[in-house]
Amino acid sequence: MKVLVAVKRVIDYNVKVRVKSDGSGVDLSGVKMSLNPFDEIGIEEAVRLKEKGIATEVIAVTCGTQACQDVLRTALALGADRAVLAETDVELQPLAVAKILKGLIAKEAPDLVILGKQAIDDDCNQTGQMLSATLGWGQATFASRIETETGAVLVSREIDGGMETLRLTLPAVVTTDLRLNEPRYASLPSIMKAKKKPLEIISASDLATDLAPRIKTLSVTEPTTRKAGVKVASITELVDKLKNEAKVI
Amino acid sequence: MSVLIIAEHDAGSIKSATFNSVSAALLINADVHVLVAGLTCGAAAEQAAKINGVTKVLLADAEIFQHSLAENLAPLVIGLASSYDHIVFNATAQGKNVAPRVSALLDVAQISDITKVISADTFERPIYAGNAIATVQATDSKIVITVRSTAFDAVSTGPQSAPIVMVDAVVDSGLSSFVGANTISSDRPELISAKVIVSGGRALGSSESYQRVLTPLAEKLGAAMGASRAAVDSGYAPNDAQVGQTGKIVAPDLYIAVGISGAIQHLAGMKDSKVIVAINNDPDAPIFNVADYGIVGDLYELVPELAAAL
């Protein structure tokens, strides 16, 4: 089966973000960017399906500016066979990304599409669900285990209070949760090899129209900071403070 | 026009997050309707009808709604959408699963995890793991949102009872089916609505030690038990106990972090707690930057001592 994995270039998860003083957004200049951690898990899962002989081809795709090629190279180094960038300078929101991906999927005709459950920058957790809706396919979000059957996929999902398992008719969309797998590191030889793998650039506007953002960001501010606390010397003092100062017990 | 809230329930009763969502919806519009979809969920619908501020309950009772599959729930909501400007889901596993499917079918944007209602089309929501707060305005004619329950007080129920109207079921999508579930039963309070949470991290070393050290303290406080991602990944605590950006977002009156260093992703899930206590042997652990009360020392001595002192 052909597997398509959508990835996103985001601010590295270890970076402490800084809000711009004019309130227009988060300062991204000179900040380390990486492959969204949930998408790394998506690539890993697709590559494992290939190693098991289930997937025949793994295609990594992303939407955004020319700069996004670096995360596609990472995906190629991790084992994807080829990559596609749907290029645009427009600020993309999940609905627009879902529409572009739909256009790509019409060209590529994959059996399974894997996305991360959320991107760690906008924290939306929407794109996979929107994509499966626009395709009219089944969806399994927050996957922690994927098993394939003929014409179907069995997915265990993390839900509040435990897990559930769904069977989806293929083609289908699956979004990854943290515990689906542990992504591998790209070795130096595979990073070198990835430079030679095909990376196609398509104009996003050829795949979908109506990419304009539907949500306006009016301002971005720092969260209110907690006032500095105190260190106590003993449990007796702690209990006293909780009882008499904070009055929470 | 009115606001439609998609209730979460276990057939017999409405789950707590829905009460918080009603509170957010009432800030948008005084006319709040609740959709209860499921199988033999009449009791849940009757409870929904008693929620203060709810003016109408829509009940869709059919086998295809039993497991809240997104492919079946979304067309049901779409069928009702023409009467509503706002469609509201809880920002829970279920709400996050269905809401974007609904919004894409309506060809409108969805706003995730709102923490404040500024006006009918403008909301606040955290981004970058809660390290920034965005004020966003929707430009679509219909607005689909998910509500972060810890950011809104739960509404109470009253003696009144809103009318319950039956809604016709849609046909089974046939795209997905439920195979089975493995839910963890716990006699502790639900993490997301608990007043007190005792949470453990990697320092606890094992599942046995997580239970042995934290349970007596949690019992004394009537607390729910949480965990950091490290503790969950190491198998010390179940997955659904994870507090953080990728786990549950909680805001109890008292959060006790035991052996948790305080990574950005963990803080995203608990830094709105009213009082935070940190117990850690590393005086430089970042958790002390957000803790109201910190104590440096060996958790194996301090936690039993704290449990005994209560």
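This is a predicted model: local features need pLDDT of at least 70, side-chain atom pairs count only at pLDDT 80 or more; totals for chains, interfaces and linings use all residues.
The axes of α4(A), residues 127–135, and α4(B), residues 93–105, cross at roughly 45° and come within 8 Å. The crossing of α4(A) past α4(B) is right-handed. On the side of α4(A), the contact involves A:Gln129, A:Met130, A:Ser132, A:Ala133 and A:Thr134. On the side of α4(B), the contact is made by B:Lys96, B:Asn97, B:Pro100, B:Arg101, B:Ser103, B:Ala104 and B:Leu105.

One open sheet of 6 strands is paired in parallel and can be followed in the order β13(A)-β16(B)-β15(B)-β14(B)-β12(B)-β13(B). At its edges stand β13 (230–231) of chain A and β13 (224–227) of chain B; each has a single partner strand, so one side of each lacks a neighbour in the sheet. The partner of β13(A) is β16(B), residues 293–296, and the two pair in the parallel sense over 2 bridges. Within this pairing, A:Val230 is found opposite B:Tyr293.

Helices of chain B pack on this sheet as well. Helix α5(B), residues 207–221, touches β12 (196–200), β13 and β14 (254–258) of chain B, and its direction makes about 170° with that of β12(B). Helix α8(B), residues 299–309, touches β14, β15 (275–280) and β16 of chain B, at about 135° to the direction of β15(B).

A second open sheet has 10 strands with mixed pairing, and its order is β11(A)-β5(A)-β4(A)-β1(A)-β6(A)-β10(A)-β7(A)-β8(A)-β9(A)-β11(B). Its edge strands, β11 (199–203) of chain A and β11 (176–183) of chain B, each pair on one side only. On average, and with direction ignored, neighbouring strands here are turned by 30° against each other. Among the pairs is that of β7(A), residues 138–149, with β8(A), residues 152–159, which is antiparallel and spans 6 bridges. A:Ile146 stands opposite A:Val155 of β8(A).

Helix α2(A), residues 69–77, lies across β4 (57–64), β5 (82–87) and β11 of chain A and runs at about 165° to β5(A). Helix α3(A), residues 94–108, packs against β1 (2–6), β4, β5, β6 (112–116) and β11 of chain A, its direction making about 145° with that of β4(A).

Terms used. Residues are numbered from 1 along each chain as its sequence is written. Chains are lettered from A and ligands numbered from 1 in the order in which they are written. Side-chain values use heavy atoms; hydrogens and water are left out. Axes are lines fitted to C-alpha atoms, for helices over the stretch in contact, and angles run from 0 to 180 degrees between N-to-C directions. Helices (H or I, at least four residues) and strands (E, at least two) are DSSP runs, numbered from the N terminus. A crossing is left-handed if the near helix is turned anticlockwise from the far one by less than a right angle, and right-handed if clockwise. Contact means heavy atoms within 4.5 Å. Two strands pair if DSSP finds at least two bridges between them.
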